[in-house]
Amino acid sequence: MHALFADSFAALGRLDNITLVMVFHPQYLESFLKTQHYLLQMDGPLPLHYRHYIGIMAAARHQCSYLVNLHVNDFLHVGGDPKWLNGLENAPQKLQNLGELNKVLAHRPWLITKEHIEGLLKAEEHSWSLAELVHAVVLLTHYHSLASFTFGCGISPEIHCDGGHTFRPPSVSNYCICDITNGNHGMDEMQVNSAGNISVSDSFFEVEALMEKMKQLQECRDEEEASQEEMASRFEIEKRESMFVFSSDDEEVTPARDVSRHFEDTSYGYKDFSRHGMHVPTFRVQDYCWEDHGYSLVNRLYPDVGQLIDEKFHIAYNLTYNTMAMHKDVDTSMLRRAIWNYIHCMFGIRYDDYDYGEINQLLDRSFKVYIKTVVCTPEKVTKRMYDSFWRQFKHSEKVHVNLLLIEARMQAELLYALRAITRYMT
């Protein structure tokens with residue numbers, strides 16, 4: 001842990017709160033820091049100030065002032081023009097042109113087409129090269145996902161920054177970061193439910209029920225396998241149902257001016273893909289997947305980055321300590337796969353070999369609300385949502401969930417963007 005902190009401080013000149021929360025999972029943090037360092041500081045198609053500005057643009061789409069402010073400082077530190085920070089319209093036309101891709105990728109990636117790609121690559125004197133565009137796409141997806149992590153874990157600014165603090169009274173909406181990292185949470189989600197009643201036994205039975213369902217599903221898997229038609233039908237049902245998962249706190253969050261000036265069309269946000277008569281064709285992983293297609297395209301146009309991202313995906317997907325709350329020696333692979341595939345299902349991405357009927361068995365409504373909010377509209381996450389799922393689980397396990405959420409989200413965005421680039425190239 002200390003070695004990771006030293007590496008992080010050496011690379012960034014700071015030890016930020018994201019690192020302090022991710023260190024619950026040192027193997028993942030090491031991979032994350034290595035990838036982020038390469039994207040921001042090592043040789044690559046884009047100049048350093050462009051990289052930080054794209055980070056600002058991406059984080060601003062989710063109104064994540066925490067990340068925006070970090071990268072404003074980094075942008076100035078590497079010699080970026082302060083005038084660009086007055087608003088996107090003051091940045092070079094080339095970066096302004098990226099605004100549309102940033103918007104669609106953040107909120108409705110299934111709408112990305114090869115025409116979006118063509119528009120950026122053929123913009124005459126403001127055009128992007130393919131290598132630059134891949135670098136930009138990876139940065140955009142990285143910071144959209146990191147905004148999800150920041151809101152999902154209730155991360156607050158460092159003590160020396162605006163809004164930073166060492167202590168917060170318990171009535172406010174987010175955790176103080178020192179609480180999560182130290183595990184101090186007094187009368188919190190393990191004891192009090194939304195009605196204010198003591199509910200240790202309720203949350204204990206939640207864990208037992210989840211363990212029992214996993215056991216039953218494994219037995220069913222061993223006994224019979226659903227037909228391809230049945231599997232396809234279950235995917236469509238789950239995809240449709242995911243549209244009706246929303247929080248009672250679902251109200252518009254108005255972006256602050258210091259964040260909204262970094263992007264255009266502030267009213268554009270997440271919309272379920274089958275609302276308003278739209279029908280988005282299912283994205284079948286068998287036709288275009290990260291392992292066989294996306295990885296090689298990224299590695300070809302931006303060497304080594306495909307390898308780093310691939311390693312990070314694998315660590316997040318396979319990470320396990322074989323524990324669930326108070327239980328040890330548990331195989332959690334079924335649960336991890338259900339979470340990952342549910343996120344991809346919300347993005348219209350289907351795995352032919354997965355039985356989507358398992359998702360409803362393993363993920364209850366409060367957990368689905370949390371997942372969908374973190375992944376699709378992270379700026380609306382509340383402490384109540386964080387508290388209301390898996391009440392008997394440790395903070396480290398909830399952070400683990402967030403790592404799965406952000407990597408599944410990043411992969412989904414990348415798949416749509418890289419498929420569009422592939423279609424443009426062919």
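Which residue lies over the face of Trp 128? In this predicted model, that position is taken by Lys 94, at 5.1 Å from the ring centre.

The chain contains 20 helices and four strands. Of its 426 residues, 54% count as buried. Among contacts between residues at least 6 apart in sequence, 75% join residues at least 24 apart.

A search of the whole structure finds 22 aromatic pairs. A pair of aromatic rings is described by the distance of the centres and the angle of the planes. For Trp 110 and Phe 347, the ring centres are 6.0 Å apart and the planes stand at 65°. Planes over 60 degrees apart count as edge-to-face, and the pair is therefore edge-to-face. Trp 110 belongs to the loop between α7 (99-107) and α8 (114-121), whereas Phe 347 belongs to the loop between α16 (333-346) and β4 (349-350). The pair thus links parts of the chain 237 residues apart. Both Trp 110 and Phe 347 are buried.

A second pair is formed by Phe 367 and Trp 390. Their ring centres lie 4.7 Å apart with the planes at 45°, so this pair is tilted. Phe 367 is in helix α18 (residues 365-376), and Trp 390 is in the loop between α19 (383-388) and α20 (395-425), 23 residues apart. Both Phe 367 and Trp 390 are buried. The two residues also belong to one aromatic cluster, together with Tyr 370, Tyr 386, Phe 389 and Phe 393.

Salt bridges form another set of contacts, and the structure holds 15 of them. In one, Asp 74 is joined to Arg 14, with the closest N and O atoms 3.1 Å apart. Asp 74 lies in helix α5 (residues 65-77) and Arg 14 in the loop between α1 (2-12) and α2 (17-22), so the bridge ties together parts that are 60 residues apart in sequence. Buried means under 20% relative accessible area. Asp 74 counts as buried because its relative accessible area is 12%, and Arg 14 because its value is 18%.

Arg 409 and Glu 413 form a salt bridge within a helix. Their closest N and O atoms are 2.8 Å apart. The two residues are four residues apart in helix α20, so they are separated by about one helical turn. An α-helix has 3.6 residues a turn, so residues three or four places apart point the same way. Both Arg 409 and Glu 413 are buried.

Arg 284 forms a salt bridge with Asp 287, the closest N and O atoms being 3.1 Å apart. At 30% relative accessibility, Arg 284 counts as partly exposed. Arg 284 and Asp 287 are linked with Arg 350 and Asp 352 in a network of salt bridges.

The buried residues are Gly 99, Leu 101, Asn 102, Lys 103, Val 104, Leu 105, Ala 106 and His 107. Their covering includes α4 (48-61), α6 (93-97), α8, α9 (130-152) and α20. Arg 108 lies in the loop between α7 and α8, and counts as buried at 16% relative accessibility. Leaving aside residues up to four places away in sequence, Arg 108 touches Lys 103, Tyr 268, Gly 269, Tyr 270 and Lys 271.

The last contact is between two helices. Two packed helices are described by the angle between their axes and the distance between the axes. Helix α14 (residues 290-301) and helix α15 (residues 305-318) pack at an angle of about 140°, and their axes are 7 Å apart. That angle makes α14 oblique to α15. From α14, the contact is made by Trp 290, Tyr 295, Val 298 and Asn 299. The residues contributed by α15 are Val 305, Gly 306, Gln 307, Ile 309, Asp 310 and Phe 313.

How values were computed: Residues are numbered from 1 along each chain as its sequence is written. This is a predicted model: local features need pLDDT of at least 70, side-chain atom pairs count only at pLDDT 80 or more; totals for chains, interfaces and linings use all residues. Side-chain values use heavy atoms; hydrogens and water are left out. Rings of Phe, Tyr and Trp (its six-membered ring) pair if their centres lie within 6.5 Å; planes under 30 degrees apart count as stacked, over 60 as edge-to-face and the rest as tilted. Buried means under 20% relative accessible area, exposed over 50%, partly exposed in between (1.4 Å probe, protein chains only). A charge sits over a ring if NZ of Lys or CZ of Arg is within 6 Å of the ring centre and within 35 degrees of the ring normal. A salt bridge is a side-chain nitrogen of Lys or Arg within 4 Å of a carboxyl oxygen of Asp or Glu. Contact means heavy atoms within 4.5 Å. Axes are lines fitted to C-alpha atoms, for helices over the stretch in contact, and angles run from 0 to 180 degrees between N-to-C directions. Angles under 35 degrees count as roughly parallel, over 145 as roughly antiparallel, 65 to 115 as roughly perpendicular and the rest as oblique.
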